Amino acid sequence: MEKLRGRVIKSTGSWYEVKTEAGEIYHSRLRGKFKQDDMKINNPIAVGDWVFIEQEGEKESAVIKEIEPRQNYIIRKSTRKSAFSHIIASNLDQAILVATLSFPRTSLGFIDRFLVSAESFRIPSILVLNKTDLMDDEAKANALELKALYESIGYPTFLISVLKNEGLDEIRAQIKGKTSLISGHSGVGKSSLLNALIPDLALKTGIVSKFANKGTHTTTFAEMFEMDSESTIIDTPGIKELGLVEMEKEEISDYLPEMRAFLGQCKFHNCLHVNEPSCAVLDAFVAGEIADSRYMSYLSMLEDTDNRR
Ligand SMILES: Nc1nc2c(ncn2[C@@H]2O[C@H](COP(=O)(O)OP(=O)(O)OP(=O)(O)O)[C@@H](O)[C@H]2O)c(=O)[nH]1
Ligand SMILES: [Mg+2]
Ligand SMILES: [Zn+2]
């Protein structure tokens, strides 16, 4: 029987929607055990996966036969104590963090944590600051400062207003031809942005999820939307942050690009850049080459790895 190549665009746990290269959607399932090389993973197939399916019976139902190796993926623990993890999405070209400086306020700590997590998954990020229409001059100046800071580190940053339809062309250009993951706090305007980018989508907006509380691990399933045939956005309802999965203290500084530049120049090879003598990162911080807010975020992430133990 002929095998068709397609991409998983939606998953409900036991069923998967697979969109073939010809554009047909098959309701697909797995049969039997599916080999995952040594990973303790709850879901063998995730949104974003490229798979081969075989049609089964009548209509558009199929069995997933094979999965192509993933270019990358994001993962999180199924529950806090579980040894098992859950793959949220795979084969991503970039992560888009939507943030607002007020209504609601996204903290810099949250932004930095997200960026560090994305770095750890080797996924480039862009930052979108929405609701510029609500900014007064002072807030606008603050937003522009943040734009300058994050762009100096290497993260393209965009100031937009979905409400006023401002800055959206730039976002369209960023998304074109890519698979993007969209993330951010509840209420920042992710659904509004998706609706603006994909006119016939009509996602509900303004509804704040009951399960958005930090710490709860409601299982959430990602879903892929198409801006056009080659540009897709994966929405992950309920995901507030990517989470510092299994990160060792020593690793964190690798994931702050402006710190990474100084690693290897510290006196101690296992330097954590907190109070060690002859620390190149601390020297850079004192010289103003690393922003206060970024260094504070770093310290806070270090502390978190302590608490986790
Ligand atoms: N003033 C203003 N309000 C906006 C803008 N974009 C979105 N909103 C409003 O912000 C509220 C939340 O928007 P949503 O798109 O539902 O936010 P969300 O990020 O999808 O939230 P969750 O689905 O809960 O994660 C809605 O009332 C939107 O109308 C904007 O650019 N300016
Ligand atoms: Mg939404
Ligand atoms: Zn150091």
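Okay, so let's start with a spacing pattern: the residues that hold the zinc ion (ligand 3) run C-x4-C-x1-H-x5-C in sequence. C266 and C279 both sit in the loop between α6 (257-260) and α7 (280-286), so this pair ties together parts that are 13 residues apart in sequence. Helices here are DSSP runs of H or I with at least four residues, numbered from the N terminus.

Quick housekeeping: this is a predicted model, where local features need pLDDT of at least 70 and side-chain atom pairs count only at 80 or more, while totals for chains, interfaces and linings use all residues. Residues are numbered from 1 along each chain, ligands from 1 in the order written, and side-chain values use heavy atoms, with hydrogens and water left out.

Back to the zinc. Which atoms coordinate it? They're SG of C266, C271 and C279, plus ND1 of H273, at 2.1 to 2.4 Å. A donor is an N, O or S atom within 2.8 Å of the metal (3.2 Å for Na, K and Ca). The angles are 103 to 116 degrees, which makes the arrangement tetrahedral; for four donors, that word needs all angles between 85 and 135 degrees. C266 and C279 are both buried, meaning under 20% relative accessible area with a 1.4 Å probe, protein chains only.

Now the inside. The largest nonpolar core has 44 residues, with I64, I74, L129, Y150 and I234 making the most contacts in it. A core means buried Ala, Val, Leu, Ile, Met, Phe, Trp, Tyr and Cys joined through side-chain atoms within 4.5 Å. Helix α2 (residues 137-153) gives the largest share, five residues. And apart from that core lies another, of 21 residues, and look who's among them: our zinc ligand C279.

How values were computed
Four donors count as tetrahedral if all angles lie between 85 and 135 degrees; four count as square planar and six as octahedral if opposite donors are over 155 degrees apart and all others between 65 and 115; anything else is irregular. Helices (H or I, at least four residues) and strands (E, at least two) are DSSP runs, numbered from the N terminus. Buried means under 20% relative accessible area, exposed over 50%, partly exposed in between (1.4 Å probe, protein chains only).
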